[in-house]
Amino acid sequence: MALPRRYAIRLVGLAVLLVFTALFFVPIIWLLLAPTKTDGQLLSQSPFAFGSLSTLGHTFNRVVNYDGQSLLVWLKNSAIYSFGGTALAVLAAIPAGYGLALTHFIGRKTLLSITLVVMIMPATALVLPLFLEMNKVGLVGTIWSLILPFGFFPFGVYLAYIYFSSTIPKDLLAAARIDGANEWGVFRYIAVPLARPIIGLVAFFAFVASWNNFFLPFVMTYDTSQYPLQIGLRQLIGSTATFNPTNFTAGSSVEVLHRPDLAMAVIIAILPVLIVFLFSQRTLVQGMLAGATKE
Amino acid sequence: MSVPLAPAVSGGRVRALRASRAGGARERPPAGTSRTAGYFFVALYVGLLLLLGIAPVVYAIYLALSNSGGFGANFTHAFNDYRFVPAFEHIIEFVAFWLISQTVLVVGLVLMLHNLEPRVGAAFRFLFYIPGALAGAASVVVWLFMLDPTASPFAFVLHWFGYAQFDNTIAPSNLPVIFAVMAFWTGAGGWIVVMYGALNNIPTELIEAAAIDGSNAFQTALRIKLPLIRKWIIYMLVLSFAGGTQLFTEPAVLGQAALGVGVSQYWSPNQLAWFIASQYDEFNVAAAISVVLLVFGLLIAAILVWRGRFFEVD
């Protein structure tokens, strides 16, 4: 009697899992296939049909050349802001994590607590105050209004702190000191070489957070030539006929984009992060689980 | 960035919290290291913290409190704005939908995944995690397509609800649910990974003992696994609540689709604050709203940090 019922439950479970797999994955498959079709084919063909490579090429060219190659400018801006912010975040976070974990100074615990609070607080809550501050000092519209906030990355400090306090044997550092290394030497020649995995992890998280950030560049940039891709994508929605038909009344000089073009732009925007996600899956999941697994 | 915490980050946050408790008490910095060296190592970070963490908060509070109309005038002005209450109503509705669906679905899915072969479970976890790469404007654009009944692969679902055109789907009354779906889509995978890790913490002996006592998989999930990951569920709820109140990206991007006439430029409180700052140059009133939002976020963070014992696992 128990057997059929058990199978029935298993089947229901499997069905539920498949439904959610579809929910999570179908949009991505659809997105990847959309630029291979024309807007008309998008409506007439199956959502999962592959159009043609030549259409894909046309779509790509149209998006890249749209509005004087704006997309390439935005891509370059995204790269500058994200790499700049990531470099600063790593430069600040790795020594700070080391200092918090392996040195002793007055205010260490307070600094640790403040770091935790700022880290847990939603980063978005700081955006408007940051805008008001940057506006006051006249930095709005400069790359510093983005690179500096991206470089302030308490989460990275915490990751480094945990890494240094749990993986570097203190005897090793003590031995180096006895051998005459000064504090900087101990950090530079002992700790940093051992910290490669954490440098990569902090850099990855800082990069993704900066690359995907929308709100901060939204308030800090006011000219299309300053936009990163995230803000550029929003701009492209305004140029997409399906979503903004009124922008394209007769005589309008605005270039028209269609849904496959917009999908192509999204793919270009997410590609860097997606590639890192796919290729560093193991590291990433390990990083996420580091606290959740048993020591 | 706005609603869902980057999933990976939330995982790390969990880790950080635990380590702070364990590390703070257990590990002492070695004796004999110089005190000045510590200051040197943290100097750059402390500089950034002061300039970009503390200073903006202090300045926003200063702006919010300084006004010719007397103490608190900016807050009164903000609270009396006809857009203020609707913006908070929107957010409450959105957060309610999001938190309830996320909690039920993440917990349900992770309990199911935990019963699968480890390899199969890992494959599912990875699939669920991928949308996290699209956080920000990209995921909103993807959902513009998904919500468009003429092109969406989910068109049949939209048709069940009687939506034939894009503007039917994004009717104002649907927006809280739509933003909840977007937030779930990008954020749930990260939480599933975190919760799965927590489930792996449960000693196998415990599960085996339950099985010997005649507990079936369903009972084990409900009576043993669920109570043991309760703290993580609360942690997810609290962090998501804090993040949800800050919603900005989703309505700002969706509003760009002009057909979405229902998405105003001040749909959420953060949008309203920005609207007041950018359209009227009323920085003091905008600062007042952002201080209200900051207090939310700070309070929640502070409670988590100083009552962190709550989140100590095993």
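A salt bridge is a side-chain nitrogen of Lys or Arg within 4 Å of a carboxyl oxygen of Asp or Glu. The views below come from a predicted model.

**View 1. A salt bridge between chain A and chain B.** The side chains of A:Arg259 and B:Asp148 meet in a salt bridge, with 2.5 Å from N to O, and across the interface of these two chains the rule finds one salt bridge. Both A:Arg259 and B:Asp148 are buried. A:Arg259 lies in helix H14 of chain A, whereas B:Asp148 lies in the loop between helix H6 (137–146) and helix H7 (155–160) of chain B, so the pair joins two chains. Salt bridges that share partners bring A:Asp39 together with A:Arg259 and B:Asp148 in one network.

**View 2. The contact between the two chains.** Chain A contributes 115 residues to the contact and chain B contributes 113 residues, and between them the chains bury about 10400 Å², 77% of it on carbon and sulfur atoms. The rule finds 11 residue pairs in polar contact across this interface, both residues being at pLDDT 80 or more. On the side of chain A that touches chain B, the largest share, 14 residues, comes from helix H1 (residues 2–33) of chain A. Sorted by class, that side has 81 nonpolar, 23 polar and 11 charged residues.

**View 3. A:Thr115 and its surroundings.** A:Thr115 lies in helix H5 (residues 108–120) of chain A, and with a relative accessible area of 0% this residue is buried. The side chain of A:Thr115 makes a polar contact with the side chain of B:Tyr45 at 2.8 Å. Leaving aside residues up to four places away in sequence, A:Thr115 touches A:Pro154, A:Val157, A:Tyr158 and B:Tyr45.

**View 4. A salt bridge between two helices of chain A.** The side chains of A:Arg62 and A:Asp261 meet in a salt bridge, with 2.8 Å from N to O. A:Arg62 lies in helix H3 (residues 53–65) and A:Asp261 in helix H14 (residues 259–279) of chain A, so the pair ties together parts that are 199 residues apart in sequence. A:Arg62 counts as partly exposed at 39% relative accessibility, whereas A:Asp261, at 0%, counts as buried.

**View 5. The largest nonpolar core.** This core has 198 residues, and those with the most contacts inside it are A:Phe164 and B:Phe94. Its largest share, 17 residues, comes from helix H9 (residues 175–200) of chain B. Not counting residues up to four places away in sequence, A:Phe164 touches several residues, among them A:Ile94, A:Tyr98, A:Leu102 and A:Ala195.

Notes
Residues numbered from 1 in each chain as written. Chains lettered and ligands numbered in written order. Predicted model: local features only at pLDDT ≥ 70, side-chain atom pairs only at ≥ 80, totals over all residues. Heavy atoms only, no water. Contact = heavy atoms within 4.5 Å. Buried area = accessible area lost by both parts, 1.4 Å probe. Polar contact = N/O pair within 3.5 Å; in protein donor to acceptor, adjacent residues only side chain to side chain. Helix = DSSP H or I, 4+ residues; strand = E, 2+ residues; numbered from the N terminus. Nonpolar A, V, L, I, M, F, W, Y, C, P; charged D, E, K, R; others polar. Buried < 20%, exposed > 50% of the residue type's maximum accessible area, 1.4 Å probe, protein only. Core = buried A, V, L, I, M, F, W, Y, C linked by side-chain atoms within 4.5 Å.
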